[in-house]
Amino acid sequence: MSMSGDSQEPHNDQSQAPLIEHLIELRSRLMKAVVVILVVFLGLYAFANDIYTFVAEPLMALLPEGSQMIATEVASPFLAPFKLTLVVAVFIAIPFVLHQAWAFVAPGLYDNEKMLAIPILVSSVALFYAGAAFAYYVVFPLLFEFFTQTGPENVAVMTDINQYLNFVLKLFFAFGVAFEIPIATFLLILSGATTVESLSKKRPYIILGCFVVGMLLTPPDVISQSLLAIPMYLLYEVGLLFGRLVRKRRVEEDAEEQES
């Protein structure tokens, strides 16, 4: 009995060793990501108020001259710029964070998977940034112009800085995620979970789904919902286009293999 138990102990130790090594490496990479975010945050914190002013500019530009935001909570003047600066730090550090995630999973991938994963990661980051930029430069001016001009004339628009921050962060996130649709569509086609023909036939449902998502993720007005839903659908078509190109390339490669 004791000999059997002794023989099993080394085997258990050997099986647990790789898991412990992976956990140590994961902790190391998470710590690196957190440190970089903190360093970026500390570097930006001196400009916290300037960053908030920049984010508030699309609304402030449409308000009457001399208008200003208000703080309805005692700590809001400190917490709102602090929160925004932390979010911006994470936003800036996303490429490094994804690089750490990539370095952790890359050893377990095949060469062809590595060649495909790098462009997907880069495209994902670029599309998320593009979604946030689209929200700031296109959506915010149209949206805030609609809000500030539709209210009664005797109502002064005095937005709370914390409520405004929560509002714009929600839209930044919504548009950033929405711009990832081409990647999601491409991966579904690439993995064989669905086909280009199947997705093409479901266009009416996709259009309806885009507007439902727009309704859930944006304020309850037609303009903001349309400004999210329409780009979502167009990006869906972009994903289908890349899916067709990949399928065409695979067909050509299979034909070449058969000929050889």
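Helices (H or I, at least four residues) and strands (E, at least two) are DSSP runs, numbered from the N terminus. The model described here is predicted: local features need pLDDT of at least 70, side-chain atom pairs count only at pLDDT 80 or more, and totals for chains, interfaces and linings use all residues. Residues are numbered from 1 along each chain as its sequence is written, and side-chain values use heavy atoms, with hydrogens and water left out.

Helix 3 spans residues 76-105, and both F78 and F82 lie in it, four residues apart, about one turn of the helix. Rings of Phe, Tyr and Trp (its six-membered ring) pair if their centres lie within 6.5 Å; planes under 30 degrees apart count as stacked, over 60 as edge-to-face and the rest as tilted. The structure holds 19 aromatic pairs. In one of them, the ring centres of F78 and F82 are 5.5 Å apart and the planes stand at 35°, so the pair is tilted. F78 counts as partly exposed at 47%, and F82 is partly exposed at 31%.

The rings of F146 and F147 have centres 5.7 Å apart and planes at 55°, so this pair is also tilted. F146 has a relative accessible area of 31% and is partly exposed; F147, at 31%, is partly exposed. Both residues belong to one aromatic cluster, whose members include Y52, F140, Y164 and F172.

The nonpolar core comes next. A nonpolar core is a set of buried Ala, Val, Leu, Ile, Met, Phe, Trp, Tyr and Cys residues joined through side-chain atoms within 4.5 Å. The largest such core has 50 residues, and those with the most contacts inside it are Y52, F140, Y164, V168, F172 and F175. Its largest share, 10 residues, comes from helix 5. Contact means heavy atoms within 4.5 Å. Not counting residues up to four places away in sequence, F175 touches G131, F134, A135, V139, L227 and L228.

Helix 5 covers residues 161-178 and includes L169. Because its relative accessibility is 17%, L169 counts as buried. Leaving aside neighbours within four places in sequence, L169 is in contact with K83, L84 and V87. L169 and L84 are 85 residues apart along the chain, yet their C-alpha atoms are separated by 8.4 Å.

Two salt bridges are present in the structure. A salt bridge is a side-chain nitrogen of Lys or Arg within 4 Å of a carboxyl oxygen of Asp or Glu. One joins E25 and R29, whose closest N and O atoms are 3.3 Å apart. Both residues lie in helix 1, four residues apart, about one turn of the helix. The other joins E237 and R203, with the closest N and O atoms 2.6 Å apart. E237 lies in helix 9 and R203 in helix 8 (residues 203-217), so this pair ties together parts that are 34 residues apart in sequence.

Finally, an unreviewed UniProt entry places the feature "transmembrane region" at residues 30-48, 84-105, 117-144, 164-193, 205-222 and 228-246. UniProt positions are given in the numbering used here, feature names are shortened, and annotations may be inferred rather than shown by experiment. Residues 84-105 are 100% helix and 0% strand, with end C-alpha atoms 31 Å apart. Residues 228-246 are likewise 100% helix and 0% strand, with end C-alpha atoms 27 Å apart.

Notes: Buried < 20%, exposed > 50% of the residue type's maximum accessible area, 1.4 Å probe, protein only.
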